[in-house]
Every structure is written in structure tokens, then in C-alpha cells.
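This report is written for a reader who is new to the structure. The sequence and model come first, and a description follows.

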Amino acid sequence: MSFTKKVLFSMVTGIIVGVLINNFFLPSYFIESILINQVLHTISSLFLILLKMIVLPLIFVSIISGIISINDVNTLGRLGIKTITLYVFTTMLAITLALFVSNFIDYNIETISQNNIIQNISPIDKNSNLILNIFPDNFFSALVDGNVIQVLSFAIFIGISASYVKNEIPEFVSLINNLNKIFNKMVMIIISFTPIAVFSLLAKTFSTEGMDVFIPLIKYFSVVVLVLLLHFAFTYSLILKAFSSLSIQKFYSKLRALIIFTFSTSSSNASIPFTLNTIVSKYGVNKSFASFSIPLGATINMDGTAIMQGC
């Protein structure tokens with residue numbers, strides 16, 4: 001069975017098992033305290049913790065390695081401008097599409113606190129200076145706090161500086177490249193446990209929450225998913241058609257496992273390692289370009305959040 005089929009099977013099985021536990025086996029001290037709160041919670045949480053644990057070291061090392069491998073620093077500048085412009089453009093299209101579709105649909109989400117939604121999905125402090133917030137005044141504090149954008153900016157700065165003197169520091173270049181290989185191997189080891197983790201995550205969620213909690217949100221959830229699919233199918237297809245010669249069908253077919261993985265974990269940052277591996281191994285993207293654009297995209301290219309807020 002392929003990896004994609006294993007994850008899909010785990011998702012479906014996890015939902016079914018969770019609903020069955022919620023309807024027929026609760027309340028039960030053993031089921032709640034041992035099976036749900038210990039076994040399922042530990043497995044699912046450990047998987048996400050391991051993925052997030054490797055994200056910052058992988059970003060830091062892979063970006064430095066990628067920039068050093070780019071011989072022309074001006075190429076990096078052009079790549080940065082094009083990448084950020086694309087991300088801003090797609091996010092604008094995403095929220096426009098969400099607002100447009102939502103105007104035709106009337107749904108009621110009174111059961112959810114509007115303030116809680118905004119609080120939970122807005123990653124930026126309204127009073128902060130966006131430019132200053134990109135750069136860390138203490139790199140180690142940024143690492144401890146898990147601030148991806150600040151780690152990213154510091155890694156870019158080190159990479160650019162190292163690229164000017166890379167012929168004088170072969171030991172440093174070799175160390176970074178070897179660490180990059182080690183971290184990528186760690187990623188593949190962690191990802192191999194995805195089916196078990198996805199089953200545990202969904203079984204825990206549906207066993208504790210049941211289906212009742214999702215019913216008031218069905219229409220809202222359906223609209224969000226509809227807009228996500230429209231944005232995914234049409235916006236990105238048009239971009240692919242306009243700026244590349246890639247076959248749209250082949251492009252999407254190679255994304256199946258990545259889409260299912262990201263959907264099941266619900267975390268852009270957790271999916272960074274898998275995304276990097278996918279686009280380099282399946283699409284042949286230059287590793288230096290991928291190492292720069294993927295972590296940056298996971299941090300600032302919030303199309304999904306824009307759609308959710310728009311709806």
C-alpha cells in the first residue's frame with residue numbers, strides 16, 4: 001500500500017473509531033484516562049512535537065546551505081523579490097475569493113466567539129512593527145520562542161555572509177551540508193510514523209468531541225473548504241499555466257501525499273520538512289531555491305488563514 005493510501009486509510013479509520021468510542025464506550029474511566037488521554041494523546045502529540053522540533057534546525061541549516069550553494073548573491077535577491085511578490089499576490093486573491101463566495105451564502109456561527117477566532121488565527125500583534133518584527137534582537141530567544149520568521153531572517157543573513165567567504169571556510173560549508181543531510185534523514189524517519197499518528201490524532205478528536213460539535217459549523221466549514229478548493233484548483237492552475245510549462249495534472253498528482261499529510265496535521269510549520277522533501281525529490285526543484293522559498297511561504301503565505309478570515 002502506498003504512503004498516500006496508508007494515510008487516507010488511517011484518517012478514515014481514526015474518524016470511525018473515534019465516533020464509535022464517543023457513542024458507545026463513554027463514559028468509561030479506562031477509555032478516557034488510559035486509551036484517550038494517555039495512549040492516543042501521547043502518540044499524536046509526540047508526532048507533532050517531533051515534527052516541530054526538527055522544523056527550526058532544518059530551516060536554519062537548509063537555508064544557509066541553500067544560499068551558500070547559490071554562486072550569485074544577486075540571484076538570491078531576485079528570487080526573494082519574486083517569491084514574496086507571488087505570496088502577497090496569491091494571499092490577496094485568496095481573501096478576495098473568500099469574500100466573493102461568502103456574499104452568496106448565509107451561515108450562522110453564533111456558537112463561536114468571534115474574538116476567539118481572530119485571536120487564534122491571527123499570528124501578528126496588531127501593535128507591532130512588522131519590519132522590526134522580522135529581525136531578532138536575540139537569536140537564541142527566537143529559537144526558544146519558535147519564531148520561524150526571525151530564525152529565517154538570521155539564517156539568510158548568515159548564508160549571505162558565508163557565501164562571500166565560502167572558499168575560505170570549507171570546514172563550515174561541509175559542516176552545514178552534513179547537518180542538512182542528517183536533519184533531512186531525521187525528517188524521513190519521523191514522517192514514516194504518519195499513519196499511526198494520524199489515526200491517533202483523529203480518533204482522539206472524535207472520541208472526545210463527537211460529531212455534535214461539528215454540526216453547527218458544517219455550513220461554515222463547507223464554505224471554507226469550497227473556497228480552498230477553488231483557490232487551489234483555479235488560482236494555482238492559472239499561475240502554473242502562465243509561468244511554467246508543467247503539466248497541471250502531473251503537478252497535482254504528485255502533491256497527493258503532501259496535501260493529505262498537511263490536512264491531517266493542520267500545521268503549515270509541521271509540514272515544512274515533508275514539503276521540502278517532496279518538491280526536491282518529485283519536482284526536481286533546486287534545493288537552494290526550495291530551502292529559501294518553502295520556509296518563507298509557510299511563514300508569510302497564509303492563503304488558508306486569509307480564506308478563513310474572509311469567510
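Predicted model: local features only at pLDDT ≥ 70, side-chain atom pairs only at ≥ 80, totals over all residues.

Residues are numbered from 1 along each chain as its sequence is written, and side-chain values use heavy atoms, with hydrogens and water left out.

**Cores**

A nonpolar core is a set of buried Ala, Val, Leu, Ile, Met, Phe, Trp, Tyr and Cys residues joined through side-chain atoms within 4.5 Å. Buried means under 20% relative accessible area, with a 1.4 Å probe and protein chains only. The largest such core has 49 residues, and Phe47, Leu51, Ile59, Phe60, Ile63, Leu152 and Ile272 have the most contacts inside it. Elements giving two or more residues to this core include α2 (29–69), α3 (73–102), α13 (272–281) and α14 (287–300). Helices here are DSSP runs (H or I, at least four residues), numbered from the N terminus. The greatest share comes from α2, with 14 residues. A second, separate core has ten residues, among them Ala94, Ala98, Val101 and Cys311.

Contact means heavy atoms within 4.5 Å. Leaving out residues up to four places away in sequence, Ile59 touches Val148, Leu152, Ile272 and Pro295.

Seven of the ten residues of α13 are buried, so this helix is largely enclosed by the rest of the structure. The buried residues are Ile272, Pro273, Phe274, Thr275, Leu276, Thr278 and Ile279.

**Helices α3 and α14**

The axes of α3 and α14 come within 11 Å and cross at roughly 30°. Axes are lines fitted to C-alpha atoms over the stretch in contact, and angles run from 0 to 180 degrees between N-to-C directions. The crossing makes α3 roughly parallel to α14, a term for angles under 35 degrees. Residues of α3 in this contact include Leu76, Thr83 and Tyr87, and those of α14 include Phe289, Phe292 and Ser293. The contact residues divide into nine nonpolar, six polar and no charged.

**Two serines**

Ser200 lies in α9 (residues 194–209), and Ser293 is found in α14.

| Residue | Relative accessible area | State |
|---|---|---|
| Ser200 | 2% | buried |
| Ser293 | 14% | buried |

Neighbours within four places in sequence aside, Ser200 is in contact with Leu40, Ile43 and Ser44. With residues up to four places away not counted, Ser293 touches Thr83 and Tyr87. Ser293 and Leu76 are 217 residues apart in sequence and 10 Å apart in space, C-alpha to C-alpha.

Definitions and conventions. Buried < 20%, exposed > 50% of the residue type's maximum accessible area, 1.4 Å probe, protein only. Parallel < 35°, antiparallel > 145°, perpendicular 65-115°, else oblique. Nonpolar A, V, L, I, M, F, W, Y, C, P; charged D, E, K, R; others polar.
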